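This report covers helix packing, a surface patch and salt bridges. Please keep the model in view while reading.

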Amino acid sequence: MEKAARHRNNTEKNHPGGSESDASPETGSGGGGVALKKEIGLVSACGIIVVLLTWVNCSSVRWATRVQDVFTAGKLLALGLIIIMGAVQICKGQYFWLEPKNAFENFQEPDIGLIALAFLQGSFAYGGWNFLNYVTEELVNPYKNLPRAIFISIPLVTFVYVFANVAYVTAMSPQELLASNAVAVTFGEKLLGVTAWIMPISVALSTFGGVNGSLFTSSRLFFAGAREGHLPSVLAMIHVKRCTPVPALLFTCISTLLMLVTSDMYTLINYVGFINYLFYGVTIAGQIVLRWKKPDIPRPIKVNLLFPIIYLLFWALLLVFSLWSEPVVCGIGLAIMLTGVPVYFLGVYWQHKPRCFNKFIELLTLVSQKMCVVVYPKVEEGSGTEETDEATEQQQPICQPTASKDRDAVEP
């Protein structure tokens with residue numbers, strides 16, 4: 001939207017003859033043919049990466065967590081390098097855009113709707129705290145490690161991202177930031193010289209890690225939903241040997257590939273941000289209602305009510321102004337969300353379905369089970385034989401990590 005439009009305008013200003021210079025007899029239709037080929041190639045590469053990471057997640061929980069650790073470490077090392085280079089720039093006196101008179105200069109008229117939209121887009125980078133909740137069953141000692149992971153990660157991520165952006169403006173103007181497709185790459189080209197190749201690799205590592213983390217966590221969300229009867233039962237099954245939710249991972253992979261039909265990343269971020277914040281608010285409001293209506297139910301993790309109330313106030317303002325600023329985008333996001341209503345009534349609420357329909361679903365489930373080699377996870381009560389103990393231990397990671405399987409569990 002606004003940011004993408006400014007980027008396009010700056011690109012056209014920097015390359016006023018782009019459309020003419022890109023035209024060639026080989027493309028037939030000029031630069032449009034080259035751009036189309038590049039976009040097809042990029043989408044194909046993204047699809048291959050998604051499929052590859054899905055295979056890794058289907059193969060082993062340990063592999064998936066190791067991949068996540070490596071990519072996260074690579075991203076943090078690159079961001080650490082950027083922060084150090086920014087500090088060196090400041091020591092050299094390169095802080096023109098950090099001075100108050102320049103830092104607070106308006107490039108357009110302030111608008112509360114655009115500010116809310118900026119919060120919505122910016123919050124996308126800080127949304128990882130929520131995904132850890134999806135894998136609570138695979139955490140070691142979740143009631144202790146889940147709050148600890150969130151309390152540590154949010155300040156750490158905030159510190160790293162804020163100081164990385166401070167470092168960017170020591171070498172780039174706001175206009176250059178808006179015109180750059182990959183700010184870290186442009187930053188590296190300006191300051192790293194012959195070692196500028198480090199930044200594209202770091203951006204790729206960051207992207208790999210983000211996709212891998214989303215596949216890992218979102219698949220567990222579908223797994224839990226199917227176990228509660230809100231999705232097809234096959235999604236609640238795990239591989240008989242690897243103990244990974246293969247059907248849920250494949251469903252997540254297909255859903256991710258469908259998002260590649262559009263190349264407008266900012267629109268996708270707005271869709272995701274708006275819908276996520278909508279559900280965040282509803283979820284937190286539900287917790288407040290439960291605290292009031294059922295004050296005596298067990299709460300292993302409990303916080304003061306002041307925090308969810310403050311969040312709800314901020315949430316309401318953010319969504320209202322975002323809807324006012326981008327009614328079409330937010331309206332489409334709401335429409336996408338509401339498509340789940342008829343699916344819920346047909347698949348969950350409607351209990352007495354025709355016998356032929358149930359037979360078809362059973363057949364489809366059986367075929368999917370055979371293709372994916374999956375069964376329902378079940379922990380046997382008591383063990384009379386060695387084989388029963390081994391089978392129970394193999395299925396345990398999805399249900400509840402044991403001491404012998406802690407190496408396969410997710411550790412924050």
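## Where α14 meets α15

S322, L323, W324 and S325 in α14 touch P327, C330 and G331 in α15. This is a predicted model. The α14 and α15 axes lie 5 Å apart and pack at an angle of about 115°.

What classes of residue make up the contact of α14 with α15? Four are nonpolar and three are polar. No charged residue takes part in the contact of α14 with α15.

## From α15 to α16

Helix α15 spans residues 327-338, and helix α16 spans residues 340-349. Their axes come within 5 Å and cross at roughly 5°. Angles under 35 degrees count as roughly parallel, so α15 and α16 are roughly parallel to each other.

From α15, the contact draws on I336, M337 and L338. From α16, G340, V341 and P342 take part. The contact of α15 with α16 has five nonpolar residues, one polar residue and no charged ones.

## A nonpolar surface patch

Five names define this patch: I112, I115, F119, F314 and W324. Together they have about 530 Å² of accessible area on the surface. Two elements, α6 (112-122) and α14 (306-325), each give two or more residues to the nonpolar patch.

Which element gives the largest share? That is α6, with three residues. I112 lies in helix α6. W324 belongs to the patch, and W324 is also among the α14 residues that meet α15.

## Salt bridges

How many salt bridges does the structure hold? There are two. One of them pairs R227 with E137. Their closest N and O atoms are 2.4 Å apart.

Side chains of opposite charge can pair when their charged atoms come close. The R227 and E137 pair links distant parts of the chain, 90 residues apart. R227 sits in helix α11 (residues 198-227). E137 sits in the loop between α7 (128-131) and α8 (142-168).

Notes:
Residues numbered from 1 in each chain as written. Predicted model: local features only at pLDDT ≥ 70, side-chain atom pairs only at ≥ 80, totals over all residues. Heavy atoms only, no water. Axes fitted to C-alpha atoms, helices over the stretch in contact; angles between N-to-C directions. Helix = DSSP H or I, 4+ residues; strand = E, 2+ residues; numbered from the N terminus. Parallel < 35°, antiparallel > 145°, perpendicular 65-115°, else oblique. Contact = heavy atoms within 4.5 Å. Nonpolar A, V, L, I, M, F, W, Y, C, P; charged D, E, K, R; others polar. Patch = residues over 30% accessible without salt bridge, like charges linked within 9 Å, V, L, I, M, F, W, Y side chains within 5 Å. Areas by Shrake-Rupley, 256 points an atom, 1.4 Å probe, with all protein chains shown as cover. Salt bridge = Lys/Arg side-chain N within 4 Å of Asp/Glu carboxyl O.
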